[in-house]
Amino acid sequence: MKKSPMKLESSQTISGVDFENYFQPGSLKEALEIKAEYGRDITIAAGTTDLFVAYYERLHTIKNWLDLSKIDELKYIKFSEKNVKIGAMTTHLALKESEELKGKFPVLQAAAADVGSPQIRSRGTIGGNIATSSPSGDLLTPLLSYQARFKLETAGKSRWAAAEEFFTGPKQNIMGPKEILTEIEVPLPKNDSSGYWIKIGRRKALVISTLNFSLVLEFNKEKISRAGLAMGSAAPTPVRLKKIEEMLVGKSLDELDHRKLGEEVKKQIAPIDDVRGTKEYREDVAFETMINALEDIESRRG
Amino acid sequence: MQITLRVNGEERTLDVTPYTRLLDLIREDLGLTGVKEGCGKGECGACTVIMNGELTASCLVPAPQADGAEILTIEGLAADGKLDPIQESFIEAGAVQCGFCIPGMVLAGKRLLDENPNPNEEDVRYGLSGNICRCTGYAKIIDAVMMAADKLKVEGSVNNGE
Amino acid sequence: MANNKYDVKDYYCKHTTRCTVEGEKKSKRFVGRNVLKADAEDKVTGEAVYPNDITFEDTLYLKVKRAVHPHAFLKDIDISEAKKVKGVVDIITAEDIPEVRKFGLIIRDQPVLVGIGEKMRYMGDALAVVVAENKEAAIKARDLIKVKVEKLEIITNPFRAMEDDAPDIHPDGNILITHNLDRGDVEAAFAESDIIVEKKYQTQFIDQLPMQNEAGTAFYDEKKGIVNIWAATQWLHDTQADIAQSLRLAKGQVRIIQPTIGGAFGKKEDVSVHIHLAIAAIRTGRPVKFTYTREESMITQSKRHPITIYNKTGVSKDGYLKAWETKFIGDTGAYASSGPAVVHKGMYHATGPYDVANIRGISHAVYTNNTYCGAMRGFGTTQGAFAYESQMDILAEKLEMDPAQFRLQNVYHIGSSTPNGQQLNHSVNAEETIKRVMELSGWKGGQKE
């Protein structure tokens with residue numbers, strides 16, 4: 001087709017000296033070996049939707065790169081009798097589209113559908129979301145609610161960490177310098193369950209959560225047999241609100257005092273003032289959200 | 001380092017660094033400036049391309065991750081000189097104002113219709129939610145995607161009849 | 001090109017709109033017809049050329065080192081390390097361009113580069129221009145420029161700026177401009193009013209945020225002595241004149257070519273990349289290109305003014321506006337830009353579409369160390385609208401009147417005159433508009449349920 005004469009192909013000179021290593025291993029084994037050698041001196045590139053934002057105009061300052069994008073063995077969603085195992089390089093889009101997840105983990109799937117935008121979901125990964133450990137990470141609250149655990153591997157060794165023990169501060173976690181997050185395991189609900197997910201932000205898309213909320217309730221007949229409640233952007237890490245879960249377990253829905261539980265949620269979280277919202281706003285929204293969640297679940301189970 | 005990728009059907013081999021953004025590679029090395037940079041941080045969708053079949057913010061992709069990829073940019077949509085129905089619809093619906101978001105919008109619309117030929121307005125809004133227009137032309141942009149869906153249906157039925 | 005004769009109609013047809021249906025091209029009538037945009041096809045194919053899409057062979061890339069503090073004297077600037085970066089062609093500081101003058105849309109108060117001993121007044125002030133073979137080298141060199149400053153009090157609040165002991169941001173003080181408005185006998189009208197409402201309103205900074213950041217390419221034609229600049233601007237000829245005076249060139253030596261613009265909304269009224277590009281093009285003799293990042297665009301270029309508005313309004317108990325007193329304090333940021341005109345226009349529209357016989361107002365544009373404010377859709381009246389419409393609602397509530405009815409009986413009609421004495425002789429549709437809105441919205445009198 002016609003092309004304006006003002007549009008040229010123009011390769012700028014590439015210095016190629018500012019990075020030392022770019023590793024793009026095709027297997028997890030190789031990746032673990034590289035990570036073992038470089039430890040914290042290597043930057044892991046997964047979907048790069050956070051990395052490229054954080055390093056805008058400073059990408060050349062990253063010396064060593066470990067690109068996991070070509071490791072196909074980290075991209076899967078596998079069901080067994082007791083749980084689902086998700087490879088760390090599985091994208092938000094794959095989670096959202098997964099037929100197998102549908103019905104079983106509606107809250108996780110709804111959260112994946114609310115991440116960023118189509119352009120972000122096609123690239124961003126569940127492993128990246130977890131390892132970045134942002135207090136507002138959208139997948140993190142459902143993973144806490146579903147009591148997921150994460151597989152952390154080093155060359156030759158691996159360990160499992162419960163989601164609620166993983167996050168230690170804003171963008172901080174328990175991962176060691178040689179470890180790579182490789183798999184997420186989520187137990188299947190034992191009984192019939194209902195869930196509620198909401199992401200509060202200034203817009204519906206392309207927004208970092210001002211608050212996100214996930215509630216998963218398992219029922220044994222009418223009584224709640226297990227509760228998983230977690231919130232994001234409500235504390236320095238995504239938090240599981242165990243105390244409230246305890247208040248729910250053993251009760252039937254009509255025995256619950258929604259307002260009292262809402263008040264309790266307010267007490268259990270520790271939000272801060274930031275550009276997305278004030279502490280007070282977040283507390284009020286947390287209160288309302290808890291009430292809405294219970295009402296919604298109640299109406300659906302009707 | 002070198003990568004090889006297919007852009008709009010043409011195979012290209014290029015020298016890159018890990019910190020060469022796919023966006024710069026397409027705009028500068030390949031001169032395909034229909035792909036725009038609005039924010040550089042994945043927030044606006046102006047740099048949208050379709051990479052391996054999915055909408056992608058090219059400003060957030062390190063070039064080596066595009067090695068072996070199949071990429072469609074706005075320039076590839078009417079490569080044979082004939083406008084895609086979605087491009088026609090954008091013109092006819094008056095959806096084009098300053099035009100800076102349009103390449104991304106058109107590709108997002110195309111990707112949506114490829115998957116869902118009968119979208120409702122809500123589907124279109126969701127499919128285009130990664131693209132910002134600051135002339136506030138959303139209403140007509142949505143009209144354009146719906147119009148394209150209708151056009152494709154008519155075309156499809158004609159083809160089936162043959 | 002210069003000898004090309006074209007008639008206006010032809011130009012209109014080719015460049016602004018294109019007729020949709022064959023045979024209609026001969027028609028002179030466009031109103032009421034569906035007309036396709038002439039440039040839409042270029043835009044949907046990616047073919048349209050925006051400033052950042054232009055590349056010449058051998059293009060050099062610019063990056064600008066910006067202020068390190070919102071209000072400080074520049075004591076020293078060290079470019080020695082930056083110069084060592086491979087690929088750097090030139091680093092321009094104020095001492096290299098002593099002949100270059102300040103620029104500005106209304107008042108020429110913006111320095112092209114802040115020199116040693118001079119002040120940076122907001123985070124967008126330019127300290128040095130780096131010219132390099134590629135963007136990467138330009139970024140690296142920019143980040144290696146070392147700057148020493150003597151910090152001054154940062155003034156972010158226009159009320160602080162107006163205090164006697166506040167340091168002067170500009171030599172003539174912090175109140176850039178004062179406008180007055182006085183019509184009728186405001187004192188007497190307030191005395192006759194049954195209800196008086198006095199309120200303070202505050203609006204915030206808003207970035208126009210066009211999709212395309214400021215960008216441009218320039219090339220100096222040495223033989224002709226003409227600098228060609230391909231960059232977006234909303235005031236082609238004003239920008240040309242401003243660049244020419246700043247660089248001490250004749251206007252004919254500055255040629256601005258307007259490519260397709262990726263939105264502006266007021267933000268591209270001000271000079272942005274233009275003068276830096278021209279200087280770099282002239283010094284290097286090579287084509288140069290400069291594109292702002294989004295962050296740079298937000299920090300450096302104009303915003304919508306945050307305006308503090310005081311409205312004091314008197315009404316009769318049957319709901320007629322008697323007297324209105326208003327005060328507009330606009331935070332114009334570090335430089336004037338369109339500020340003097342924005343607060344002026346805002347104040348003259350202080351009562352919006354409502355007729356008030358007695359009105360008095362004062363407005364100030366005040367310098368602070370915030371990003372400067374200029375034009376944005378509405379030009380001061382948008383801020384005013386928030387204040388007067390809120391004021392009308394509050395008045396209606398005090399009067400226990402339907403807010404729509406209260407508005408209806410106070411709007412302009414043919415023959416009304418505005419606060420600055422303009423007679424409205426045609427197209428006065430306020431009443432019709434309000435009635436239509438009431439009808440379409442199923443207005444039920446604004447009763448609380």
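Between domain 1 and domain 2 of chain A, four residue pairs, both at pLDDT 80 or more, are in polar contact (a pair of N or O atoms within 3.5 Å, where within protein one must be able to donate a hydrogen and the other to accept it, and residues adjacent in sequence count only if both atoms are side-chain atoms). The model is predicted, so local features need pLDDT of at least 70 and side-chain atom pairs count only at pLDDT 80 or more, while totals for chains, interfaces and linings use all residues. Residues are numbered from 1 along each chain as its sequence is written, chains are lettered from A in the order in which they are written, and side-chain values use heavy atoms, with hydrogens and water left out.

No salt bridges are found across the same interface of chain A (a side-chain nitrogen of Lys or Arg within 4 Å of a carboxyl oxygen of Asp or Glu).

Turning to the loops, Thr136(B) lies between helix H4 (121–127) and helix H5 (138–161) of chain B. Phi of Thr136(B) is near 55°, a positive value in a residue other than glycine. Thr136(B) counts as exposed because its relative accessibility is 53% (exposed means over 50% relative accessible area, buried under 20% and partly exposed in between, with a 1.4 Å probe and protein chains only). In chain C, Asp58(C) sits in the loop between helix H2 (40–44) and strand E3 (60–66), and has a positive phi of about 65°.

Technical notes
Helix = DSSP H or I, 4+ residues; strand = E, 2+ residues; numbered from the N terminus.
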